[in-house]
Structures are given as structure tokens and as C-alpha cells.
Amino acid sequence: MDPNTIIEALRGTMDPALREAAERQLSEARKSLNFASTLLQITMSEQLDFPVRQAGVIYLKNMITQYWPDRETAPGDISPYTIPEEDQHCIRENIVEAIIHSPELIRVQLTTCIHHIIKHDYPSRWTAIVDKIGFYLQADNSACWLGILLCLYQLKKPEERSPLVAAVQHFLPVLKDRFIQLLSDQSDQSVLIQKQIFKIFYALVQYTLPLELINQQNLTEWIEILTTVVNRDVPNETLQVEEDDRPELPWWKCKKWALRILARLFERYGSSGNVSKEYNEFAEVFPKAFAVDVQQVLLKVLYQYKEKQYMAPRVLQQTLNYINQGVSHALTWKNLKPHIQGIIQDVIFPLMCYTDADEELWQEDPYEYIRMKFDVFEDFISPTTAAQALLFTACSKRKEVLQKTMGFCYQILTEPNADPRKKDGALHMIGFLAEILLKKKIYKDQMECMLQNHVFPLFSSELGYMRARACWVLHYFCEVKFKSDQNLQTALELTRRCLIDDREIPVKVEAATALQVLISNQEKAKEYSTPFIRPVMQCKGRGTDQCIPLFVEAALERLTREVKTSELRTMCLQVAIAALYYNPHLLLNTLENLRFPNNIEPVTNHFITQWLNDVDCFLGLHDRKMCVLGLCALIDMEQIPQVLNQVSGQILPAFILLFNGVKRAYACHAEHENDSDDDDDDEAEDDDESEELGSDEDDIDEDGQEYLEILAKQAGEDGDDEDWEEDDAQETALEGYSTIIDDEDNPVDGYQIFKAIFQTIQNRNPVWYQALTHGLNEEQRKQLQDIATLADQRRAAHESKMIEKHGGYKFSAPVVPSSFNFGGPAPGMN
């Protein structure tokens, strides 16, 4: 393969006039022997223009991610293209050096390449990479270290831990020595290498603790390194960087990873009474030997934040996560107790108040404000969420904390000239504690008055964020028992007005959420709200269509980065699937307009391909139902997206898989309902404060410990055909939320919709019907027929249920004998 031909074609892709021809030329050359390995040579060539090298590495990355692994083919089908073994061997031989010596923008792309190669080839076809990593890690040339650590990091596989553990077994002492050596080096490059070592250590302990590698002696040394990094000052020159950009500086990233490791060790392995049995000894040692000393360093971090020193959000978040864990343990609580009220008032409270940044975003881009406030992924990294969790734990687990916190909030709410933002923070705290407050008689009887005196008046506030907070508080107190019907009616009417009449979109969104949960949780609310349900429903489309692209972009952008769990991946996909069900054209237009960095593949293609590849990861009733409805909307579009023709053979097998899962899930739910007790009507009140702990008590989760031991046992066992029961019975992250499709009285039924759409396609679009069905085997065709039969049965059952609900079937009254003799012989049995 002539390198110059490829170089000129790559250069042509950057010229709009030549791009189409250049891309066609590259596409034709792609299947030639040595094409992929020549791309790597071009990428490594320092004599070439940087844009050409960058175009080359992006093309190489896309080739490796799509065509590296051998792919299965059905009998009789043509085998799909894969990169020839000769090219693969050449790339394996050279890519590590390419990563070590490349500039960052190219190194990022090459790291994605080696990640995919390791995923498919290590250890079975590429054991030599470990030797290569060892060679460069032992070298005295620190310029090699960052690149080689990036390669080592790629050995981590969420589904298989042994490759990383086996490699790090040799390298852990070297990594520790390298880190100590680098601590005195204040350069950005040194801190970047330190960060990468921490990332490797975190990957090592993220899911299990390899006790064969980590003992008390080397853990003591690592804890000392970790606390040194958390405790060290960040150079003053970093304050010259824009505040929004500071979290990306290596100094703050290094601290973040140090704190992630400390929080993980404490939460997952160092909590006595809350770990599986193999970690019992570690859990006994960690609190006594390390936890309090680490906590002392973290209290300093919180003090610096209180004193208005800059603190990167993720550093603050991880610090609060660790402190949260410390609340539950007697040793750390004893150290923390004198400081907890100060932390609540000087750290947690400011984090829960409306800020200048909130105001700026609300005014400039209210839809982005909504996305940020409702983004479930933001919750994983937000210091506000961590603050809420710490507040909840302290108030629920430790005596006097709730009383003092409520006194603090009451003081703010009753102060005549209090700053509205402080009132917002106080209500934010009270609302987040609603679950605790409504269980304690001393507070639950006062909550209706609190709403009447301190929340209802805020609906008249000139400040949009205060009206939004008023709706939010009603949402969180939706289960309060209203003694006054008038107060319930007032709550409904105020919320309704916000939804219909308020000009601020964030207020409308909070009002819609509050109104829904009030109607769901207050029996009389259904009666009071019936007259205004129709105008409320007409709000659909006013602001929703503008919000949906923001939610979809946030979810799908997350998919372009590393996703460690199938649950997170399916949650991201479900955001787009829900948008597809809501409005297919809006979703596809959104996807066509999305552009993600370092990814030239159309987002539509990426989304649909990922969805179909991961269809087996959708568990539970809700998730599978949504998946079915989304696929129905997709195949029913007048203009089928081009990518669907490429994956048409996967679509009906996906439906079959989902419907089989739905059927099993219904069976499991029915079984669980039959087994469950009906004694949930009388809720036990927590008047005796039995959930609170004494100062010398640890919080021991016995059920959780038993569950961890079951998991640990299962980890070493192979699954069998009964595994589906676990998946089908469980409630996924989205199952906890009730939506219209989860209502069994709702006429939206995936079986019936699928059958109707499939019949329509068969009658009106025979070409598309043929594309969908041509690859089906006899068993799959039979399963489709079973789905159609079940659809008819479900329709008949629903019609019968509706007739019964609206008066029932009319039967003639049977003639009942006036006297009975159960002791005599049965009729006809003489």
C-alpha cells in the first residue's frame, strides 16, 4: 500500500471540495492488505503535518473499533470484513511505542485503539504486552511513564478482573516507588503521571479487594501517599485559570482520584459489619488504623471550603462521601461529632442554596438549567448530592442532629428579612429530610402548618427560583396527611397555576412533577383535580419539545465515554428510547444535529447499533416495555433511517428476546405478589427513635451483609438456566418510577401495538417486511406467531376487564334455595 496515496487522501478529507472523493478513495482502499498498519505509520510520522496525522489516527481508530474482532456469520452468509492478521500483528508490535511517543491529541485516539485490541486479544493472543509494559515502567526515562501507564490501565476489564490483577501483581511495588519518586516533582507532567497511577490503583480496588496484593504494610504506605496528595497545596498559579477550567487541571484531578480510592476503601471494604466475610479482617483494621487519620485530613478540606478557598467540585463531593461513611462508625463519629453541626451550617447549607451560577444559567439558558437539575448522571458527581446524602445520614443515624438542623432551618424561615437564597437553602434541606420528618410524630404533625405558613406564600414570589422551590417542596411532602381539605386544594391549585400560567420553564417543570406526585399520593387529590386535568395535559409540547434534545444529548454523550456497567448504558439508551416513543421525528432530528468530539460516526447509527447490541441488558418490566414501544415506533416510521436497513436482521430477534423477557417478568411479578404480605397498611411510626445510633455504636446492615455474602458466593459460580429469575424479578433503576405505560389499565400494550404495526408493514411495505423477516429460522417464526396469539389474548382480557370495571357483565340472578343441608348426600350421588 503506497503511503503517499493514503496521505493525499487524508489531506483531501480536510478540503470541502475534495472531501467526498477522498473519503470514497479511503473507503475503497480500506480492505487492502497493509492499509491499517500504514495508517499507524502515518500517525507516528513526525515529518507529516499534524492535521494529516490526526485524520489518520481517527480513521485508524474507527477501523479498529469496527473491524478488529472476528464476527460470527450465519451459515451461507458472506463473512464480514475484518482487519487482516498481518496488519493486526504489525499494529500490536508498534502501538505501545506509538502511544508513548505521540502528542496528547493523537495519544487519546491511540489509547482507544489499544483498549479495543486488549479487549479482544489479551491474554489469549497478546501476552507480550505485559512484558513490554514492564520494560518501559522499569526504565529511568520518566518521559515513557505516562504513555505506558495508559497502556497498563487498558488491561482492566469490568467483566474479568484477573488480567489486571495478574499484571499489577508484578507492578504494584514499582508503581509505589515511581509515585514516591515523583512527589517532589512539581511539574504538570509529574502530576499527570501520579493521577494515572491512582487511576490504576482505583481500577484494582473498585469491585473487589485483591487481598493477595494488598496487606497492612503496603496499604499503610499507599494511605500515606493518598493523604499526602489530598493534603498538599495546589500551586497559586492555578488560580489564574478560569474557575470553570480548574477542575481539569492535573492537580485537582490527582486529588479527586486519591479521594475516590479512600472513599471506596472505606465504603466497600472498611465498614465492619457491612462487608462480605472475606473482608472481615480488613474491615476490623481499616477504621482503627486509618479511617480517623484520613478523616482529619478531610476535615481540613472542608474547613478550606468554608473559608472560601477554591475547591474543585469533585474533590468536595468525594470528601463529603467519605465523611458520610464516617457518620455510621463509632470511631470516626467520635472524631466527627464536635464538627457535624458546623459542617451542616457552613458546608452543606451553602451547597443547598441557590447560587450565582444557578442564576446565570437560569437567565441565559433555562433549558440547560433544567437538564442540569434533572440529570441523573450529574447526581453521581455533584457535591450538592453528596451534601444531601451526608445530611440525611447524619439526621437519621445520630441523635440530636435532626433537632439542631431543624432549629437552624426554622430560624432562617422565621427571620423577617432573611435572604431569599437562604430561605431556598433551608427549604431544600427540610424537603430532603421529608422522609425522616414524616416518620417522627414530633415533626409530622407540624409539616402541614410548615407548608401553609412557609411554602404556600412563595407561590406569589417575584423570584422564579422561589416558586420552583415551593413546587419542589410540595413534591417531597406529597405523602403528608392533610388534616385540612382546604390546604390540599390550595396546594393543588397553586401548583396547577404554576404549570399553566408561569412564564418560567423551570417552574413549569417542577410544577408538573409536583402535581403528578400529589395526585398519585393524595386520594382526594384525584377528585379535586379532575376538572383541570384536560388543560394540564394540553401543556404537552409547550416546553417539553425544547427540553428533550438536552436530555438526549446528555445521555448519549455519556455513551461516547467509558461505561463500566450495563445498567448505566441501558439507562442512557432509555432516555433516547423514551424520546423516540414520545416523538420519533423529534428524536431523529435531534440525533442528526448532534456532533460529539473524536467521533465521526453519525450519532443515529451509533445509538441504534448500540441499542440493538445491548437489547439483552434491558431487565425488568418497565425497561423491556419501553424497549418494545421504542422499537415499534422506529420500524413504523414512514422514512426508515438508513442504518435500519443495515441491521434489519437483528430487529425481530430483538423483539422476540424482549417479549420473552416481558413474559417471564410478568410471571415473576405475579409470583412475588402472591407471596407478599398484605400487612403494609399500618406504617410503624419511629417515635422511639430506634433507627438512631448511640455515639459508641456502628451502623451494621445485617441484611446487606447477607446479600454481599450471597453475591460473593455467586461470583465464583457459573450461571445456569435459572438465572433469568434474578434479572426478571428485580426492579431496575427506572422500575421504581410509575409511568403511564406501567398502569395495567392503560390501553398502551406492547404486544398489541407490535402486532398491529407488523401487520401494517406486511400489507403496505412488502420490501421492508421482507428485510425484517428474511433471516428468521423456523423457531423464531413460531415465536412470532406466539406473540401475535398472546396479543389477541391480552386484548380480549383488557376488554373484559374494562367491561367489568364499568358495571360488569349482566347475568341473571341465580335461584338460591331457602334452606341448606350440607350433611345430606350430594344431588345425583345416591
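Let's start at one residue: Phe-392 has a relative accessible area of 23%, so it counts as partly exposed. On this scale, buried means under 20% relative accessible area, exposed means over 50%, and partly exposed is what lies in between, with a 1.4 Å probe and protein chains only. The model is predicted, and local features are given only where pLDDT is at least 70, side-chain atom pairs only at pLDDT 80 or more, while totals for chains, interfaces and linings use all residues. Residues are numbered from 1 along each chain as its sequence is written, and side-chain values use heavy atoms, with hydrogens and water left out.

Back to Phe-392, which sits in helix 20 (residues 383-397). Helices here are DSSP runs of H or I with at least four residues, strands are runs of E with at least two, and both are numbered from the N terminus. Setting aside residues up to four places away in sequence, Phe-392 touches Phe-432, Leu-433, Glu-435 and Ile-436, where contact means heavy atoms within 4.5 Å. Phe-432 is 40 residues away in sequence, but the C-alpha atoms of the pair are 7.5 Å apart.

Now zoom out. The protein chain has 42 helices and zero strands. Of its 830 residues, 49% are buried. Take the contacts between residues at least 6 apart in sequence: 74% of them join residues at least 24 apart. The chain exposes about 43000 Å², and carbon and sulfur atoms supply 49% of that; the areas come from the Shrake-Rupley method with a 1.4 Å probe, and for residues only the protein chains shown count as cover.

How far does the predictor trust all this? The average pLDDT is 84, and 83% of the residues score at least 70; pLDDT is the predictor's confidence in each residue, from 0 to 100. Residues 677-686 have pLDDT below 50, and that stretch makes six contacts in the model beyond near neighbours in sequence. Residues 809-830 are also below 50, with three such contacts.

On to the interior. In soluble globular proteins, nonpolar side chains tend to be buried together. The largest nonpolar core here has 189 residues, and those with the most contacts inside it are Ile-129, Phe-198, Leu-265, Leu-451 and Phe-477. Such a core is a set of buried Ala, Val, Leu, Ile, Met, Phe, Trp, Tyr and Cys residues joined through side-chain atoms within 4.5 Å. A second, separate core has 57 residues, including Ile-548, Leu-591, Leu-784 and Ala-791. As for Leu-265, its contacts beyond four places in sequence are Val-205, Leu-209, Leu-219, Ile-223, Gly-270, Phe-282 and Phe-286.

Leu-451 leads us to helix 25 (residues 447-455), whose buried residues are Met-447, Glu-448, Met-450, Leu-451 and Val-455.

His-329 is in the loop between helix 14 (313-327) and helix 15 (330-336), and with 3% relative accessibility it counts as buried. Its side chain makes a polar contact of 3.2 Å with that of Ser-271. That term covers a pair of N or O atoms within 3.5 Å; within protein, one must be able to donate a hydrogen and the other to accept it, and residues adjacent in sequence count only if both atoms are side-chain atoms. Other residues in contact with His-329 include Phe-266, Arg-398, Glu-697 and Asp-698.

Last, some backbone geometry. Most residues other than glycine have a negative phi, and most peptide bonds are trans. Tyr-122 and Pro-123 are joined by a cis peptide bond, with omega about 5°, and Pro-123 lies in the loop between helix 6 (104-121) and helix 7 (128-138). Asn-34 has a positive phi near 75°, in the loop between helix 2 (19-29) and helix 3 (35-44). Phi of Glu-400 is also near 75°; this residue lies in the loop between helix 20 and helix 21, and is partly exposed at 48%.
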